[in-house]
Amino acid sequence: MADQESQIWPLAPSRLHRRSDEENPTFKAIRRERSNKCFVYVFAGIVLQSIVILVFALVVLRVKSPGFNLSSVQIKTLKSTSSPAASFNATLSTEMAIKNKNFGRYKFEGSSASLWYGEFKVGEAKFANGSVKARGTRKVNVSIEVRSNRLPKDVQNGGIGSEINSGYLNIISYAKISGRVHLMNIMKKRKTIDMNCTMVLVLKNKTVKDLVCK
């Protein structure tokens, strides 16, 4: 009986535990895969952000010259004579269109339009300061007085009489607009635009034909 009580039973082998500084290979592979994915996502985000900034700079912040066109010309009053001295007086009503191609407002000032017979100025008018909204178009109406007495005497006594007798008077118009494009209240860029047009005044029925601008 004593022998049975003194018998020593072997202890069950203790469960082996992995050292705390040793990682499970599977867990280590998962962490590496997650780290690689995180790097790819960050890199893709940086590339996408760079593309957005580049497009913004090329499209939005790129300042373009506004478009400028003489839409119509109408003769309000017209008087002409070829004898005893050739002369003509007229009032022209013009409509000009300013097209802003930018993403910021275009503010213009100090702008004018003039009419020429040959190389001599016969009329001029200034129009009020204003602005054109982003990606918008604004129409400006300008009335110009035309007087032949502004011509030199030799021109008045020369070829102008034959033009008046023919019933057609060739006129050149020139307009210039100066202003600034305002982008997001952080950038201002000056843009000056001008326009040259040729037209023919039909004296008999007081109309304008062959209006060509460039």
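**A walk through the predicted model**

Phe88 is buried, and so is Tyr117, where buried means under 20% relative accessible area, exposed means over 50%, and partly exposed covers what lies in between, with a 1.4 Å probe and protein chains only. This is a predicted model, in which local features need pLDDT of at least 70 and side-chain atom pairs count only at pLDDT 80 or more, while totals for chains, interfaces and linings use all residues. Residues are numbered from 1 along each chain as its sequence is written, and side-chain values use heavy atoms, with hydrogens and water left out.

A search of the whole structure finds 2 aromatic pairs, a term that covers rings of Phe, Tyr and Trp (for Trp, its six-membered ring) whose centres lie within 6.5 Å, with planes under 30 degrees apart counted as stacked, over 60 as edge-to-face and the rest as tilted. The rings of Phe88 and Tyr117 have centres 6.4 Å apart and planes at 55°, so this pair is tilted. The pair links distant parts of the chain, because Phe88 belongs to strand β2 (residues 87-99) and Tyr117 to strand β3 (residues 105-117), 29 residues apart. Ser148 is placed in the loop between β6 (137-147) and α3 (153-156), and with a relative accessibility of 2% Ser148 counts as buried. Residues up to four places away in sequence aside, Ser148 touches Ser87, Phe88, Asn89, Gln156 and Ile160, contact meaning heavy atoms within 4.5 Å.

Where in the chain does Asn102 lie? Asn102 is in the loop between β2 and β3, and its relative accessibility of 1% makes Asn102 count as buried. The side chain of Asn102 reaches the backbone nitrogen of Lys64 at 2.6 Å. When neighbours within four places in sequence are set aside, the contacts of Asn102 are Arg62, Val63, Lys64, Ala134, Arg135 and Val181. Arg135, one of these contacts, has its charged end over the ring of Phe103, 4.8 Å from the ring centre; a charge sits over a ring if NZ of Lys or CZ of Arg is within 6 Å of the ring centre and within 35 degrees of the ring normal.

We turn now to the cysteines. A disulfide is a covalent bond between the sulfur atoms of two cysteines, and the criterion used here is a pair of cysteine sulfur atoms within 2.5 Å. A search of the whole structure finds 1 disulfide, formed by Cys197 and Cys213 with their sulfur atoms 2.0 Å apart. Cys197 lies in strand β8 (residues 187-202) and Cys213 in strand β9 (residues 207-213), so the pair ties together parts that are 16 residues apart in sequence. The link of Cys197 and Cys213 is right-handed, with 110° about the S-S bond. Cys197 is buried, at a relative accessible area of 1%, whereas Cys213 is partly exposed, at 26%.

Leu211 is also found in strand β9 and is partly exposed, with a relative accessible area of 31%. Neighbours within four places in sequence aside, Leu211 is in contact with Leu70, Val73, Cys197, Thr198 and Met199. For Leu211 and Val73, a sequence separation of 138 residues goes with a C-alpha to C-alpha distance of 8.4 Å.

Two backbone angles in this part of the chain deserve a look. Most residues other than glycine have a negative phi, and most peptide bonds are trans. Lys206, although not a glycine, has a positive phi of about 55°; Lys206 is found in the loop between β8 and β9 and counts as partly exposed at 42% relative accessibility. Asp210, which is not a glycine either, has a positive phi of about 55°, and its place is in strand β9.

Finally, the view widens to the whole protein. Its secondary structure comes to 4 helices and 9 strands, which follow one another along the sequence in the pattern α-α-β-β-β-β-β-β-α-α-β-β-β. Of the 214 residues, 32% count as buried. Among contacts with a separation of 6 or more, 66% are between residues 24 or more positions apart. The protein exposes about 14800 Å², of which carbon and sulfur atoms supply 54%, the accessible areas coming from the Shrake-Rupley method with a 1.4 Å probe and, for residues, only the protein chains shown counting as cover.

Note on methods: Helices (H or I, at least four residues) and strands (E, at least two) are DSSP runs, numbered from the N terminus. A polar contact is a pair of N or O atoms within 3.5 Å; within protein, one must be able to donate a hydrogen and the other to accept it, and residues adjacent in sequence count only if both atoms are side-chain atoms.
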